[in-house]
Amino acid sequence: MRKLANSELNRLDIEQFKKAEKTPLIVILDNVRSLNNIGSVFRTCDAFLIEKIYLCGITATPPNKEIHKTALGATDSVAWEYVENTLSAVEKLKEQGVYIISIEQAENSTMLNDFQPNGKQKYAIIFGNEVKGVEQEVVSASDEVIEIPQYGTKHSLNISVSAGIAIWELAMKLRKHIIL
């Protein structure tokens, strides 16, 4: 059980990443204030070949030293776009036929482990502000709300942890439909 060196991991370079077939998943950050959380989400999106990130509202954008510290170069591989208003980004994506999901605790939410995506559908998942979560108007405009089951005493997870869990779960389910 020898640890592998980075050179043995056979990872894509940036050009190969850009040409690779992406997981049909878009990530939207709704007013995320922590630069470290933003960088972590970029890195997770790189790991799972996520199509694009929308950075909305007060969410900072690259280039930024603090984002780069946790993204470790993923801002160069993952496509991203800044949109001032999250609801505008949601409406634009809905017009393109993208199924919109808020990751939030809400009435009638679907537990993440119970959600079964349609392999022919493109999805966008929204993660909200560290304190206020996803804005209510954005939750209301979503096609569905998915909740990450939690069993302890805390009411929420850090946004970068939530993103890691949700992106991994959805990417694994969606990539079953991609012919590699």
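How many residues in the lining of the largest pocket are nonpolar, how many are polar and how many are charged?

Author: The lining of the largest pocket divides into 8 nonpolar, 3 polar and 4 charged residues, where Ala, Val, Leu, Ile, Met, Phe, Trp, Tyr, Cys and Pro count as nonpolar, Asp, Glu, Lys and Arg as charged, and the others, Gly among them, as polar. The model is predicted, with local features needing pLDDT of at least 70 and side-chain atom pairs pLDDT 80 or more, while totals for chains, interfaces and linings use all residues. Residues are numbered from 1 along each chain as its sequence is written, and side-chain values use heavy atoms, leaving out hydrogens and water.

A pocket here is an open set of points, on a 1 Å grid over the protein atoms alone, where a 1.4 Å probe fits and protein lies on both sides within 12 Å along at least five of seven lines, and its lining residues have an atom within 4 Å of a point. The volume of the largest pocket is about 530 Å³, this being the space filled by probe spheres set on the points, which are joined across faces, edges and corners. Its lining has 15 residues, and R11, L12, F17, D46 and A47 are the closest to the centre.

Among the helices (DSSP runs of H or I, at least four residues, numbered from the N terminus), α1 (14-19), α2 (35-47) and α4 (74-77) each supply at least two residues of this lining, and the largest share, 3 residues, belongs to α2.

In contact (heavy atoms within 4.5 Å), N37, S40, V41, T44 and C45 of α2 meet I159, S160, A163, G164 and I167 of α7. By class, this contact has 5 nonpolar and 5 polar residues, with no charged ones, whereas the lining of the largest pocket includes 4 charged residues.
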